Amino acid sequence: MKIKIWADYSCPFCYIGKTTLQKAMDELGLEDVEIEYKAFLLDPNAPMTNIERTEEALARKYRVSRLEAKQMVDGVVQHAKRVGLHYRYDLVQATNTKAAHRLLKLVDEKHKKALNEALYHAYFIEGKNLSDPKDLSVIAQEFGIEPMDVEALFNTDIQQNELENDVNEARTLRIAGVPFFLFEDGTSIKGAQPISVFKDKLMNK
């Protein structure tokens, strides 16, 4: 079985959805599922450095009060806890994720799953800046990627075509939001659905 997942590292529901899918596969004892990670950019023009707190960014984006924005964040945090994730929005640095997506494409297939998890964890749990070469280098070195190769993500167009291919494929498929899980039979799951939804889909493949 093969599943393509479009997601963005700045998307809290993408980490929740990915984790829920993994839990579903573990509970069903599925070990032969091939996952292909596809990049999706929620904000292609996001700054390279964090310029505002999450509540401020949400209030501005959705034109709501700071209190309403905080309530939105609290809801996401509780949702994450239900799948065992403990988000630290007091640390989260909302920045550009292009380099992180391109970094994932640098590693060989056997390391993609672990690096993908490491990037989400770094962003939502550790508060790392995924558009900072130093922060990315620390993550990358665990997977055999040298600092000079990480620097290349910021100074050259390495893996840029692969990133653009993912984005264009999402556009062709009219994927408007993430996470988006596309199964090899053409069916899909949209959003961070309950584990029962994933298990039902997996059992009927």
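User: What makes Lys-201 count as lying over the face of Phe-183?

Analyst: This is a predicted model, in which local features need pLDDT of at least 70 and side-chain atom pairs count only at pLDDT 80 or more, while totals for chains, interfaces and linings use all residues. Residues are numbered from 1 along each chain as its sequence is written, and side-chain values use heavy atoms, with hydrogens and water left out. A charge sits over a ring if NZ of Lys or CZ of Arg is within 6 Å of the ring centre and within 35 degrees of the ring normal; Lys-201 lies over the face of Phe-183 at 5.6 Å from the ring centre.

User: Why is the pair of Phe-181 and Phe-198 called edge-to-face?

Analyst: Rings of Phe, Tyr and Trp (its six-membered ring) pair if their centres lie within 6.5 Å, and planes under 30 degrees apart count as stacked, over 60 as edge-to-face and the rest as tilted. The centres of Phe-181 and Phe-198 are 5.0 Å apart and their planes stand at 85°, so the pair is edge-to-face. Phe-181 belongs to strand 3 (residues 180–183) and Phe-198 to helix 9 (residues 195–203), 17 residues apart; helices (H or I, at least four residues) and strands (E, at least two) are DSSP runs, numbered from the N terminus.

User: How do you know whether Phe-181 is buried or exposed?

Analyst: Buried means under 20% relative accessible area, exposed over 50% and partly exposed in between (1.4 Å probe, protein chains only). Phe-181 has 1% relative accessibility and therefore counts as buried, and Phe-198, with a relative accessible area of 0%, is buried as well.

User: What makes strand 1 and strand 3 a pair?

Analyst: Two strands pair if DSSP finds at least two bridges between them, and 4 bridges join strand 1 to strand 3, which run antiparallel. Phe-181 takes part here too, as the bridge partner of Ile-5. Strand 1 (residues 2–7) also pairs with strand 2 (residues 34–39), in the parallel sense over 6 bridges, with Ile-3 opposite Ile-35.
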